[in-house]
Amino acid sequence: MAVGSILESFEAVLLDLDGTMYHEEYSLPGAVDLVRMLQKKGVKFACLSNSTTSPLRVMNRMARMGVEIDPSNIYTAAAATADYVLHEFPDRPRIFNLATEGIQEMLDGLVDWVGGGGEPCNAIVIGNPTNVYATDERLRMALQLARKKAKILGISADRVYPSARGIEFGCGALTHMLAYASGEEPIFCGKPQRVFFENLCRRLNVQPNRCVTIGDNLEADIVGAKALGMQTILTLTGVTRRKDLREVMPHLQPDHVIEELTELLG
Ligand SMILES: [Mg+2]
């Protein structure tokens, strides 16, 4: 069976964004047409990202690249973190935001925001060190809160991320810094965490074994999705190279490998 027609045998297609659909501000070959094809065929799909911002903000970025998509088709690690907070603390939690405006927008009105290190706090939401809420002053407040047992919630466990300036410290690095300093264990909500894929399947109303995940990162996309019994397609346009697969155990290998998304436009 051609790889392209495989997509039709699933109830939902999960598409990673960075390195799969786009690279910095450019869409990758086949990305725009693949979304159009899924929209035309009425196949359920979601675009996934370990981004620390909201689906609405990702939607605007994609629109600038010529991909018109509804925010309900986008699931970011920040959205997964907001879902986790509301599920874990159903009684209007007290949250400290060390991350983004996207987190602020998604949880505004649903939580009480903590404004200082001396206040009661259920959880601290942590993003990248460059996020607007991660100021020196707020980092010190977060440390005070973590030492008083506020939960340490990392949006993703990413060690680093690429930017126009080069490689930057990622959300995982900042989260571990706070966890190390306070002696508490962090919790992560993005890919490849189980909670990320489970929440997304709940939103899409599909069983994981009826989904196929397409991504460029073996660890975050392929291994994460396989852990829930999803089928997987690795695209070689991002992080993982074909030679990286030589060292990988058979049960962690992607089900299919493609050079780029155009191979799925059957
Ligand atoms: Mg990626």
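In the predicted model, strand β9, spanning residues 151-154, pairs with β12 in the parallel sense, over three bridges. Within this pairing, Gly154 stands opposite Phe188 of β12. Helix α4 (residues 77-88) packs on the sheet to which these strands belong, where it touches β6 (94-98), β8 (123-126), β9 and β12. The direction of α4 makes about 150° with that of β9. A further helix, α6 (residues 136-147), also packs on the sheet and touches β6, β8 and β9. For α6, the direction makes about 140° with that of β6.

The sheet is open and has five strands, in the order β7-β6-β8-β9-β12, with parallel pairing. Its edges are formed by β7 (112-113) and β12 (186-188); each of these has a single partner strand, so one side of each is left without a neighbour in the sheet. Strands of a sheet pair through backbone hydrogen bonds, in either a parallel or an antiparallel arrangement.

A magnesium ion has three protein donor residues, namely Asp16 (OD), Asp18 (O) and Asp216 (OD), which lie 2.1 Å from the ion. Along the sequence, the donor residues follow the spacing D-x1-D-x197-D. Asp18 lies in the loop between β1 (12-16) and β2 (22-23), whereas Asp216 lies in the loop between β13 (211-215) and α9 (218-226); the pair therefore ties together parts that are 198 residues apart in sequence. Asp216 has a relative accessible area of 2% and is buried.

The protein as a whole contains nine helices and 15 strands. Its radius of gyration is 19 Å, close to the 18 Å that the globule rule gives for 266 residues, so the protein is as compact as a globular protein of that length. Taken along the principal axes, the C-alpha atoms fill a box of roughly 60 × 40 × 35 Å. Of the 266 residues, 52% count as buried. The accessible surface of the protein comes to about 12600 Å², and carbon and sulfur atoms account for 51% of this surface. Among contacts between residues at least 6 apart in sequence, 69% join residues that are at least 24 apart.

Note on methods. Residues are numbered from 1 along each chain as its sequence is written. This is a predicted model: local features need pLDDT of at least 70, side-chain atom pairs count only at pLDDT 80 or more; totals for chains, interfaces and linings use all residues. Side-chain values use heavy atoms; hydrogens and water are left out. Two strands pair if DSSP finds at least two bridges between them. Helices (H or I, at least four residues) and strands (E, at least two) are DSSP runs, numbered from the N terminus. Contact means heavy atoms within 4.5 Å. Axes are lines fitted to C-alpha atoms, for helices over the stretch in contact, and angles run from 0 to 180 degrees between N-to-C directions. The radius of gyration is taken over C-alpha atoms; the globule rule is 2.2 Å times the number of residues to the power 0.38. Buried means under 20% relative accessible area, exposed over 50%, partly exposed in between (1.4 Å probe, protein chains only). Accessible areas come from the Shrake-Rupley method with a 1.4 Å probe; for residues, only the protein chains shown count as cover. Donors are N, O and S atoms within 2.8 Å of the metal (3.2 Å for Na, K and Ca); water is not among the atoms, so sites may look incomplete.
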